[in-house]
Amino acid sequence: MFLTDDNLLTMSAVPSGFDFPSELSTKPFALIGLTGLDTLNNAIHRTIWDAFSNNRRSDRAPVHFKLLGPAHEFPPPKAKRNTYEWYIPKGILKRNWMNKHLNEIPAVVAIFYELDWEDPQWNEKRIECASRVQSMRVALAGRNTRIAVVLIQQTAPLPTGEDMTAAERATALCTSCELNAKSLFVLPHGDHLHGYTVRLENVFYDLALNYYHHEARNVKSHRDQLNKTTHQYLFVRHQLKIGFLNELKQDSHTAQKHYLQAYNNLLEVRIVDTNNLEVKTVAGFINYKLCKLMFQQNLPRDAINQFRQHIEMFRNCIGPKDLAFEHCAWMSKQFSVFGDIFDEAIRQGLPALQTQHPGFYYQQAAQNAIERKTSCQELCKSVTEYPNPDPLMGAENLEFYGQRPWRPGKLSAEPPDPAKEKIGVLALQYKEKNTNHSMLIIGLLGSAISQFKTYRCPRMRRQLVVQMAEEYFSSQDYGKALTLLTHMLWDYRCEKWWLLLSNILVRALGCAFLAASVQDYVVLSLEALGSCAQLHEEEKTRVFGNLERLLKGLPPDPEPNLPQEEVDHARQLWTSSKVGDVFNIAIEMNNITGCIESKAQFTQPQYQADQHVTIEVYIRSCCPHPLQFSKLTVTVNNPTYSSEFAVCESSSNESGANPLLLFHKNEVKRFVCQFLPDVQDVGKEIQIGSILLYLGSEKGRCAILRFTGTGSEPSSVDISCPELQHFRPSSADMPDFDGIQPVATAEIVPRDSKLEVTVVHSTPALLGEWYPIKVILENKESNMISEMSMDINLLSNNEDPSLEQATQICESISDHIVSLPLKISVGNLDPNCNIQKLFYMRGHRIGNRNIMIKVSYNLSVGQDGLDNNNSCIKETTVMIPVVKPFDITAKFFSLKFEPIAKSFAKEPFVVMPHVSCVSPCSLVIENSSIELSGHIKSVDDEVKSQLKLISLKNGETGTEAYCVTADQANDQPVALGIYTLQWRREDTPELVTSSSVTLPTVRVESAPLFIEMCLPAHGWVRTPMAVSYHIRNHTTCLLDLELNMEASDAFMFAGHKQLQLRILPESVKTLDYNLYPLLSGLVALPRLRLTISDKNDYPVKQPQLTELLDRSLPSHVYVMPQGKGNPTPIAIPS
């Protein structure tokens, strides 16, 4: 169980005693009486009452409303005193005065009456209303209570001065009721009732302030008639009354001034045994009021100083020695109440300090309560019966605070009756003797603990918790005392307060014995036997003997210094608890500073799967007597399960104790635990979960001591300086316990595999191809390998994390692509045999691929006469670079094979892809193709690959040409299409890879005309050549052109030299010429000129036409020399 302050407060319910009256601690509000409201039978009246009494927020007037019935009776007023000359007061403060002004005598009485100005029964109701007012005056005769009349009306009033009838009738009503016009009010019952009630209560509050001011003046007017000789009590009473009336006015500064004057007047009163209690009681009331007002005015230092002076003034006013416990109770109450006021001020926003907060006052209140208890035990031990008749009868009905019931109203100067005094003292002592002082003390300690925790004072809190435990022990609640002491043991262990720890251990052992708690008694005994417990050897011997008795089934001997009657009761509890039965008690030794310490370590950080795991366990005993254990086990945990291994144990026979588990004082022993790891543990981390030592018989009564094995127990930490622990003397034949470093974790790794893994491949891999990788597995183990499987995975690349997404691995290229890792089942493999497995990799981006091949298999190995099935893993990594097979570029040419940067709509041009081999190995192009986009058309009807079955080596380039045309012009560059190559390596004809690239874009502009010239490839001298010109009009207009054929020295020609042409839209004009070459060689052809009209609406301009002729018509032709024989005309190619 975790100890919190809520637990402490639950344990410490505080009984009431010497409480202040409720009217003293209640915040004073002006009392307003409301009459004439029938809330049970009239819904409107109920609504009005709810509007006044509910939702009393802080922004509303500080008043308290009281509903008065029709026949309400007020307290009768006392007779007016004209002089105080012969008056001798019987006490200081009457018990009913504050309650009378808070709850019984209202400052204002508001009479509610339903009456509209236009009521047809106006006169009758006016008389009835006046009668009610007169009745209230009679009831309040002798009081100065203000009376107001509130008329409940159904209609909203008109503005002042407009309703003459209302003014007249209001005057008549005030005359009939003998009421001031300012005390008559109208309350319309409608939508704005809340607003009207707020305004009314503010008016009532003003009337109440006037009333309390008048009352205070009346009290103050008596001062001149008083004298210091016989009226000292009245000086105190009158100042206290004035202060209280100013509090009702919410005038805290004036109230504080008069309270302080009352307090100073009280200090002038001569204190004797007969008035001691009365003076201290009233002094406590006035001090309470002063401190509370000072805190409200944000004067905390003044409040603290006032309280300190108050305590110093009355600290030694003990009173009758036989009632000294009363003075302790009064002092405790003063500190407790001041702590409450201080705490309330803090909750309202007052800042507090670690050195000045309510916890100190609650603590002092608890100390005074402890003194009260001690005083009671001394003074009241001989009181055995309550006196008869009861001298305390009528104590609740006394007229004045702080007086004795057997002599009420007696002056302090009068000598008391000794017989009555003796009987009264006996009655008070008898009641005090039967008071549960421990619960009072526990309640105050609980409040103090909560405060010290809030202000972070842990050591003070611990001291108070120990005191609380002592009080529980004193009240015979040993279970709660043991709970508190157990939690404090933990705190003092952490801070290494060994002397305090030892004292608490002794008390806790006594609680455990008296509560007959077997578990706690064993735990505390083990801690008491440790080296940190600073107990005498005789005491430890006694504790050891009790522990042995308990483990043998016998009740322990009583702890020393315990009450005999409690010891007898505890023995009955031990007998009835069946301590002799079989029981197993689990004890967490890392929570206590026990007499046994343990450390454990793995001998190495890693173990192979076929290697024994070795754990060394070291046990040291600090017990001054030999300890015999029955069993030692180690628990080993892994992420999925835990296993327990026996290290050393006794025989099944109870007499067969194992001498290895017998420990003498300061003896250190080493134990070794070995085991083979489980197959499932390979690749995981195991850790030492716990070390279990069995004290006693496992089949009978046994305490199981559980250690973590890390040496983190409080007793294993050096008391002073950890760096000096190696200088402790230790026996040469024992292990150095302090020098052992615990190692709680170890990793189980696969055994060294003798499987040979060879990876065969032709590096590098080419982009886009299915790259074959062959893995050869050869068994070099001495036994057969079974359940062998191969996991193939791609290691991530820190430089390019997305490279993994651009890689595919599969076992067969015909199968579906699987996610990584690829798992290939291999099966069994006999010794000295091998097996081959093939898988494929395809990379869609260049870069290096790191492929990890992990082979897992099971191997049956004989160890310790048993066949152990070991899981083995062999891993290898291969790096495969992925490079490009080709560099493919494309260029554009005109039909004259001149490079062009743009093309024209409906004019053919040539696309020439260039394929350069960059692969280190020879590649064969199986086929090539071009897929043109929608606006690009091929000129040829059938397109065949010109690179088919061509082999390219590194650095060689293949080129092919495609003649295409664009359908229309476009403002944006036009995509030509996709060029695809199907290729393979020269040595792998079965793995054909297809690679595609996107051809570059080209700009396409509009061309209104297209001119094509058809002529032979060459001519012969003096042999006629047929030439044709085809002129195409791509526009939607009729074009008028003028044709001119320029003369040439190298040719004679037959045809139009000059001609007017008219070409229809979307039509072709053909012109035929016969050329007669005169010279041989590369001869310039006759030049064709076209001229167009300069009309603005023509779509074709002369510069465009000139550019068209220059790019479309060839300028030269090759002419061969004349051959022998007759010349033959050269026809125009079709």
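## Salt bridges

In this predicted model, a search of the whole structure identifies 34 salt bridges. One of them joins the side chains of Asp 59 and Arg 57, with an N to O distance of 3.4 Å. Asp 59 is exposed, its relative accessible area being 58%. Arg 57 has a relative accessible area of 47% and is therefore classed as partly exposed, because that class lies between the 20% limit for buried residues and the 50% limit for exposed residues.

Arg 459, Arg 462, Asp 491 and Glu 495 are connected through a network of salt bridges.

## Buried pairs between separate segments

Glu 247 and Lys 289 form a salt bridge in which the closest N and O atoms are 3.1 Å apart. Glu 247 belongs to helix 8 (residues 232-248) and Lys 289 to helix 10 (residues 276-296), so this pair ties together parts that are 42 residues apart in sequence. Both Glu 247 and Lys 289 are buried.

A salt bridge also links the side chains of Glu 326 and Arg 404, at 2.8 Å from N to O. Glu 326 is located in helix 12 (residues 324-347), whereas Arg 404 lies in the loop between helix 13 (358-379) and helix 14 (418-433); the pair therefore ties together parts that are 78 residues apart in sequence. Glu 326 and Arg 404 are both buried.

## Packing of helix 3 and helix 7

The arrangement of two packed helices is described by the angle between their axes and by the distance between the axes. For helix 3 (residues 43-53) and helix 7 (residues 193-220), the angle is about 60° and the axes are 9 Å apart. The crossing of helix 3 past helix 7 is right-handed.

## Nonpolar surface patch

On the surface, Met 1052, Leu 1078 and Leu 1079 make up a nonpolar patch, and together they have about 250 Å² of accessible area. Leu 1079 is situated in the loop between strand 44 (1068-1077) and strand 45 (1081-1084). The relative accessible area of Leu 1079 is 46%, so this residue is partly exposed; the value also meets the patch criterion, because patch residues must have over 30% relative accessible area.

Key: Residues numbered from 1 in each chain as written. Predicted model: local features only at pLDDT ≥ 70, side-chain atom pairs only at ≥ 80, totals over all residues. Heavy atoms only, no water. Patch = residues over 30% accessible without salt bridge, like charges linked within 9 Å, V, L, I, M, F, W, Y side chains within 5 Å. Areas by Shrake-Rupley, 256 points an atom, 1.4 Å probe, with all protein chains shown as cover. Salt bridge = Lys/Arg side-chain N within 4 Å of Asp/Glu carboxyl O. Helix = DSSP H or I, 4+ residues; strand = E, 2+ residues; numbered from the N terminus. Buried < 20%, exposed > 50% of the residue type's maximum accessible area, 1.4 Å probe, protein only. Axes fitted to C-alpha atoms, helices over the stretch in contact; angles between N-to-C directions. Left-handed = near helix turned anticlockwise from the far one by under 90°.
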